[in-house]
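Work through the exercises below with the sequence and coordinates open. Each task is followed by a stepwise solution.

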Amino acid sequence: MKFFKRRWTVPQGVEPTEMDRKIMFYEQRGHEVPTRSLIKTPEQIEGIRQSGKINTGVLDLVASEIRAGMSTAEIDKLVYDYTVDHGAIPAPLNYEGFPKSVCTSINEVVCHGIPSEDEILEEGDIINVDVSTIYKGYYSDASRMFIIGKTDPMKEKLVRVTKECLEIGMQAAKPYSFVGDIGHAVDAFDTFSHGDEGIGIGH
């Protein structure tokens, strides 16, 4: 008989809440559930929210400055300066040897491109700028896709459909639903399959 070790536990002498009952219901039916330590307090949620505000501010700055003729190293400097000026830390910098403060992935580069002085944005490029911020120990992470000037219809469709998929996935993310529900909703909507580019998506 296989031993079943519970991930979700209720402290002894404490009456289970509605949340406890729902999570234990799913766990008893074989679903993977979080541990109690992963559930954030209101104070922790506020810390994450403050980190997210800085992270969003970084992307807003990049959106206002990005242009043809700009190097991805210039984007990296914008990200570093804004983040540090707001009392935060760029999470990618020196993470497992990563040398920059942001990931910049142009055209066919799927993710985690490294900024460089030699990488110059050109008219028609599409670029993903992926920003992660640490503020008072709290992490936030988001990216945006930018079109440099005018691009060809295929690239434009990729950017547009990807954003639509993000919005569909956000709508599917609800309390007591499953991560797989998000993937299913996106997959059902996606009209722009890119085969193996699915590797790493959602990480």
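**Exercise 1.** Decide whether cysteine 103 is buried or exposed, and find how many disulfides there are.

Solution. Step 1: cysteine 103 has a relative accessible area of 8%, so cysteine 103 is buried (buried means under 20% relative accessible area, exposed over 50%, partly exposed in between, with a 1.4 Å probe and protein chains only). The model is predicted: local features need pLDDT of at least 70, side-chain atom pairs count only at pLDDT 80 or more, and totals for chains, interfaces and linings use all residues. Residues are numbered from 1 along each chain as its sequence is written, and side-chain values use heavy atoms, with hydrogens and water left out.

Step 2: apply the disulfide rule, a pair of cysteine sulfur atoms within 2.5 Å. The closest cysteine sulfur to that of cysteine 103 belongs to cysteine 111, and at 7.7 Å the separation is too far for a bond. For cysteine 165 the nearest cysteine sulfur is again that of cysteine 111, 17 Å away, and cysteine 165 is in no disulfide.

Step 3: the count is zero disulfides.

**Exercise 2.** Check the length of helix H4 and list its buried residues.

Solution. Step 1: helices (H or I, at least four residues) and strands (E, at least two) are DSSP runs, numbered from the N terminus. H4 covers residues 153-172, which is 20 residues.

Step 2: the expected span is 1.5 Å times one less than the number of residues. For H4 this gives 28 Å, and the end C-alpha atoms are 28 Å apart, which agrees.

Step 3: the buried residues of H4 are Val159, Val161, Cys165, Gly169 and Ala172. Of these, Cys165 has a relative accessibility of 11%.

Step 4: these buried residues pack against strand E3 (126-135), strand E4 (138-147) and H5, where contact means heavy atoms within 4.5 Å.

**Exercise 3.** Locate glycine 30 and state whether it is buried or exposed.

Solution. Step 1: glycine 30 sits in the loop between H1 and helix H2 (42-65).

Step 2: its relative accessible area is 63%, so glycine 30 is exposed.

Step 3: glycine 30 and glycine 57 are separated by 27 residues in sequence and by 41 Å in space, C-alpha to C-alpha.
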